[in-house]
Amino acid sequence: MKIALSDLFTGVMAVCALAVTGLVVKNELAGPPPAAAAAPEVKFLSNWRSVSREGVVLGRPGAPVQIIEFSDFQCPFCARVQASLAEVRRRHPDDVAVVFRHFPLTAIHPHATKAAEASACAGDQGRFEPYADALFARQDEIGTASWDDFARAAGVPDLATFGECMRTGKHAATVRRDADAAARIGLRVTPTLIINGRGVAGMVTADELDEHVRAALRGAGTPTRAE
């Protein structure tokens with residue numbers, strides 16, 4: 001039986017749309033229906049503060065809005081959300097911190113776990129965010145370019161120490177810890193954001209994310225200002 005290329009493409013796109021928009025979070029977060037045009041559904045995670053205690057903090061520690069980000073360096077939608085997060089941090093430099101946590105989807109992204117470990121090794125030298133930015137900017141090179149290449153792009157100062165960190169698997173347990181945390185709260189897809197307890201799955205623009213941040217600021221008793 002022959003299958004038309006257009007039919008195959010349509011089927012692939014349908015599967016991608018379902019994977020991006022689907023989310024189940026056991027007893028706490030529930031995901032949006034599998035409709036590409038639907039806005040991400042928001043549910044509350046009651047124990048979110050315990051989830052925010054570990055991970056890499058980007059921004060001011062103790063900021064009134066904590067965005068816990070579960071991400072995968074090979075996920076193209078994660079790269080797009082990363083840009084939205086950077087923009088929201090720019091708009092609210094004193095009020096927003098991102099807590100980055102690793103959630104490599106190894107079944108579909110075979111190099112995501114090692115990419116996560118590499119970012120943590122770069123983080124040992126204060127270069128986590130530049131390394132993460134390099135991975136997201138050059139996703140098509142993950143698995144072909146060396147981890148040292150990304151380290152040089154991120155300005156990691158001591159490549160020998162970085163290489164030893166990778167060889168010994170120093171941060172394998174760190175990545176497993178984050179993935180286990182995602183599993184405990186029932187996450188299934190990346191990216192997933194938890195904004196002061198409010199969970200948002202899938203693609204979200206900077207303006208949509210800004211609305212969530214402003215709502216969180218009002219809930220925290222922090223006045224918002226016009227940009």
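**Close-up views of a predicted model**

**View 1. Strand β4 and its enclosed setting.** Seven of the seven residues of strand β4 (residues 96-102) are buried, so β4 is largely enclosed by the rest of the structure. Here, buried means under 20% relative accessible area, exposed means over 50%, and partly exposed lies in between (1.4 Å probe, protein chains only). This is a predicted model, in which local features need pLDDT of at least 70, side-chain atom pairs count only at pLDDT 80 or more, and totals for chains, interfaces and linings use all residues. Residues are numbered from 1 along each chain as its sequence is written, and side-chain values use heavy atoms, with hydrogens and water left out. Helices (H or I, at least four residues) and strands (E, at least two) are DSSP runs, numbered from the N terminus. In a regular strand the side chains alternate between the two faces of the sheet. In β4, Val96, Val98, Phe100 and His102 point one way, while Ala97, Val99 and Arg101 point the other way, and all are buried.

**View 2. The partners of β4.** Two strands pair if DSSP finds at least two bridges between them. On the antiparallel side of the story, strand β2 (residues 56-59) is joined to β4 by four bridges, and Val57 stands opposite Val99 in β4. With β3 the pairing is in the parallel sense, over seven bridges. Look for Glu69 here: the bridge partner of Glu69 in β4 is Phe100.

**View 3. Strand β3 and its pairing with β5.** Strand β3 is mostly covered, with seven of its seven residues buried. Val65, Ile67, Glu69 and Ser71 point one way from β3, and Gln66, Ile68 and Phe70 point the other way. Strand β3 (residues 65-71) also pairs with β5, in the antiparallel sense and over four bridges. Glu69 turns up again in this view, standing opposite Leu193 in β5.

View 4. Four bridges link β5 with strand β6 (residues 198-201), and the two run antiparallel. Ile195 is found opposite Arg198 in β6. β5 and β6 form a hairpin with two residues between them, and Asn196 in the turn has a positive phi of about 50°.

**View 5. Gln82 and its neighbours.** Gln82 has its place in helix α3 (residues 76-91). With a relative accessible area of 11%, Gln82 is buried. Leaving out residues up to four places away in sequence, Gln82 touches Glu69, Phe100 and Phe136, where contact means heavy atoms within 4.5 Å.

**View 6. Helices α4 and α5.** The axes of α4 and helix α5 (residues 128-137) come within 7 Å and cross at roughly 150°. That makes α4 roughly antiparallel to α5. Axes are lines fitted to C-alpha atoms, for helices over the stretch in contact, and angles run from 0 to 180 degrees between N-to-C directions; angles under 35 degrees count as roughly parallel, over 145 as roughly antiparallel, 65 to 115 as roughly perpendicular and the rest as oblique. Ala115, Ala118, Ser119, Ala120, Ala122 and Gly123 in α4 meet Phe128, Tyr131 and Leu135 in α5. By class, this contact has seven nonpolar, two polar and no charged residues. Ala, Val, Leu, Ile, Met, Phe, Trp, Tyr, Cys and Pro count as nonpolar, Asp, Glu, Lys and Arg as charged, and the others, Gly among them, as polar.

**View 7. Helices α4 and α7.** Helix α4 (residues 112-123) and helix α7 (residues 159-168) have axes that come within 9 Å and cross at roughly 140°. The two helices are therefore oblique to each other. Lys114, Glu117, Ala118, Cys121 and Ala122 of α4 make the contact with Phe162, Cys165 and Met166 of α7. Its make-up by class is six nonpolar, no polar and two charged residues.

**View 8. Ala215 and the whole protein.** Ala215 is found in helix α9 (residues 206-219) and is partly exposed, with a relative accessible area of 38%. The C-alpha atoms of Ala215 and Val65 are separated by 9.7 Å, although these residues are 150 residues apart along the chain. Stepping back, the protein has nine helices and six strands, and buried residues make up 46% of its 227 residues.
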